[in-house]
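Subject: Structure for your review

Dear colleague,

Please find below the structure that I am handing over to you. My notes on what was found in it follow directly after.

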Amino acid sequence: MATDYDAPRKTDDDSESIEALKERVPDKLSGAVDVEDADNPSGFELPGADLSDLELDVVVLPPQEDEFTCVSCFLVKHRSQVDHEDSVGLICRDCA
């Protein structure tokens, strides 16, 4: 049998009294709002926030003997990814 999903639904809750519905609504003053979110204790980073005081430790490795930098996409790739050498340098298979 086909179901009409646009038809209004009738349940037992429709016949409840206004007093019963008021009892189910939580009291506005019953709980305090938690200032700090438990899932994200550090807060949210907003776009354009000043991050000048943040220090990042990054280890930069020099190019290895079996690597090259593609002159088209500027990604460091393994020598097995060389497609051809152009007048300006090596081109990877993805850019060829």
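How many salt bridges does the structure hold? The structure, which is a predicted model, holds one salt bridge. In that salt bridge the side chains of Asp94 and Lys77 meet, at 2.6 Å from N to O. The pair links distant parts of the chain, 17 residues apart: Lys77 belongs to strand S2 (residues 76–78), while Asp94 lies in the segment after strand S4 (90–92).

Asp94 has a relative accessibility of 59% and counts as exposed. Lys77, in contrast, is buried, with a relative accessible area of 14%, because the cut-off for a buried residue is under 20%.

Further notes on Lys77

The side chains of Lys77 and Asp94 are also joined by a polar contact of 2.6 Å. If the neighbours within four places in sequence are left aside, Lys77 is in contact with Asp66, Glu67, Phe68, Cys92 and Asp94.

Overall organisation

The protein chain contains one helix and four strands, and read from the N terminus on, these elements run α-β-β-β-β. Of its 96 residues, 7% count as buried. Among the contacts in the protein chain with a separation of 6 or more, residues 24 or more positions apart account for 4%. The protein chain exposes about 9400 Å², of which carbon and sulfur atoms supply 53%.

Cysteines

How many disulfides does the structure hold? The structure holds zero disulfides. A disulfide is a covalent bond between the sulfur atoms of two cysteines, and the cut-off applied here is a pair of cysteine sulfur atoms within 2.5 Å. For Cys73, the closest cysteine sulfur is that of Cys95, at 3.7 Å, which is too far for a bond. For Cys95, the closest cysteine sulfur is that of Cys92, at 3.5 Å, and this is again too far for a bond. Cys73 counts as partly exposed at 27% relative accessibility, and Cys95 counts as partly exposed at 30%.

Nonpolar surface patch

Which residues form a nonpolar patch on the surface? The patch is formed by Leu51, Leu54, Leu56, Val58 and Val60, and together these residues have about 570 Å² of accessible area. One of them, Leu56, is found in the loop between helix H1 (18–24) and strand S1 (67–69). Leu56 is exposed, with a relative accessible area of 68%.

Backbone at Phe74

Phe74 has a positive phi of about 65°, although it is not a glycine. In general, most residues other than glycine have a negative phi. Phe74 is placed in the loop between S1 and S2, and with a relative accessible area of 62% Phe74 is exposed.

In summary, the structure holds one salt bridge and zero disulfides, and a nonpolar patch that includes Leu56 is on the surface.

With kind regards

Technical notes
Residues are numbered from 1 along each chain as its sequence is written. This is a predicted model: local features need pLDDT of at least 70, side-chain atom pairs count only at pLDDT 80 or more; totals for chains, interfaces and linings use all residues. Side-chain values use heavy atoms; hydrogens and water are left out. A salt bridge is a side-chain nitrogen of Lys or Arg within 4 Å of a carboxyl oxygen of Asp or Glu. Helices (H or I, at least four residues) and strands (E, at least two) are DSSP runs, numbered from the N terminus. Buried means under 20% relative accessible area, exposed over 50%, partly exposed in between (1.4 Å probe, protein chains only). Patches are made of residues with over 30% relative accessible area and no salt bridge: like charges are joined within 9 Å, nonpolar side chains (Val, Leu, Ile, Met, Phe, Trp, Tyr) within 5 Å. Accessible areas come from the Shrake-Rupley method with a 1.4 Å probe; for residues, only the protein chains shown count as cover. A polar contact is a pair of N or O atoms within 3.5 Å; within protein, one must be able to donate a hydrogen and the other to accept it, and residues adjacent in sequence count only if both atoms are side-chain atoms. Contact means heavy atoms within 4.5 Å.
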